[in-house]
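Please open the structure in your viewer and keep the selection tool at hand. We will go from one place to the next, selecting a few residues at a time.

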Amino acid sequence: MTGASRRRGDAGQAFPVYIAAVGGLLFLAFVYFVVGQAAATRNGAQTAADAAALAAADDARDQLRRGWIEVILDPEAWDAFVRGEVYDPSSGCQEAASFAAKNGATLSRDGCVPLSDPQAFSVTVESQETVGLPVAEAQHAVASATALIEPKCSFTPPEEPAPEETEPEPDPTEPGEEPEPEPEPEPEPITGLTCGEKDWTIDPDDPVLPSAAELFTVRLAGDDE
């Protein structure tokens, strides 16, 4: 066999090997792409779950402050608001659904569950896009998150004032004379509210109140633990 014939034979034998190598590389590239796409979809679902849970907790925190302001002149009604126990969870879950949609996901069945002790929202979402793996083409990524609503304030109701000594009855008025109305007592400043290391005094005539962020911390479970 001449040298030229031998070279043509070697080239012919190497060509299938070359095709197989290129095919293998293309297959690996495809696998990496698909796996990367699936990971991105799962990460996106987790981002959506985190955002949805925090949105629900933020809505509850805002509700708590608004409700507290409505009873600001009645300190006996403060306790449940300061502890974070009085809000409409359905409103928070609506916010969760809205933020999930903004991040390319939807709430799964029973995907928003209000919790107590501690106050929190547990949210589960499904990605709108499928995972993209060949063996799970119709499967959507699922992710869950829980957001806590943690009170930062405590309230000690003021002590009841001691009963005042009764004054003698005023002299009877002359016929036709109207008795003078007794002046209404000035409302006392409300004390006993502590947020963090700050003591608050609430002036009933011109109340300066803690913000929602000063009243409660909203965070994902697992953060800062």
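This is a predicted model: local features need pLDDT of at least 70, side-chain atom pairs count only at pLDDT 80 or more; totals for chains, interfaces and linings use all residues.

**Paired strands**

Begin by selecting strand E2, residues 120–130, together with strand E3, residues 140–151, which run antiparallel and are joined by 8 bridges. If you then pick out Val123, you will find that Ala145 in E3 stands opposite.

**Aromatic rings**

Now turn to the rings, for the structure holds 3 aromatic pairs. Select Trp68 and Trp78, whose ring centres are 5.3 Å apart and whose planes meet at 75 degrees, so this pair counts as edge-to-face, given that planes over 60 degrees apart are classed that way. Trp68 belongs to helix H1 (residues 3–70), whereas Trp78 sits in the loop between H1 and helix H2 (79–82), and the two residues are 10 residues apart. Are these two tryptophans buried or exposed? Both Trp68 and Trp78 are buried.

Phe155 is buried, as is Trp78. Showing Trp68, Trp78 and Phe155 together lets you view one aromatic cluster.

**Charges over rings**

Next, select Phe99 and Lys102, where Lys102 lies over the face of the Phe99 ring at 4.5 Å from the ring centre. Then move to Trp200 and Lys198, where the charged end of Lys198 sits over the ring of Trp200, 4.0 Å from its centre.

Finally, return to helix H1 and select Asp59. Which side chain of opposite charge is nearest to Asp59? It is Arg66, at 5.2 Å, and Asp59, although buried, has no salt bridge; a salt bridge would need the nitrogen and the carboxyl oxygen to be within 4 Å. Asp59 does have polar partners to display: its side chain makes a polar contact with the side chain of Ser91 at 2.9 Å, and the side chain of Asp59 also reaches the backbone nitrogen of Gly92 at 3.2 Å.

Methods:
Residues are numbered from 1 along each chain as its sequence is written. Side-chain values use heavy atoms; hydrogens and water are left out. Two strands pair if DSSP finds at least two bridges between them. Helices (H or I, at least four residues) and strands (E, at least two) are DSSP runs, numbered from the N terminus. Rings of Phe, Tyr and Trp (its six-membered ring) pair if their centres lie within 6.5 Å; planes under 30 degrees apart count as stacked, over 60 as edge-to-face and the rest as tilted. Buried means under 20% relative accessible area, exposed over 50%, partly exposed in between (1.4 Å probe, protein chains only). A charge sits over a ring if NZ of Lys or CZ of Arg is within 6 Å of the ring centre and within 35 degrees of the ring normal. Lys and Arg count as positive and Asp and Glu as negative; His and the chain ends are not counted. A polar contact is a pair of N or O atoms within 3.5 Å; within protein, one must be able to donate a hydrogen and the other to accept it, and residues adjacent in sequence count only if both atoms are side-chain atoms.
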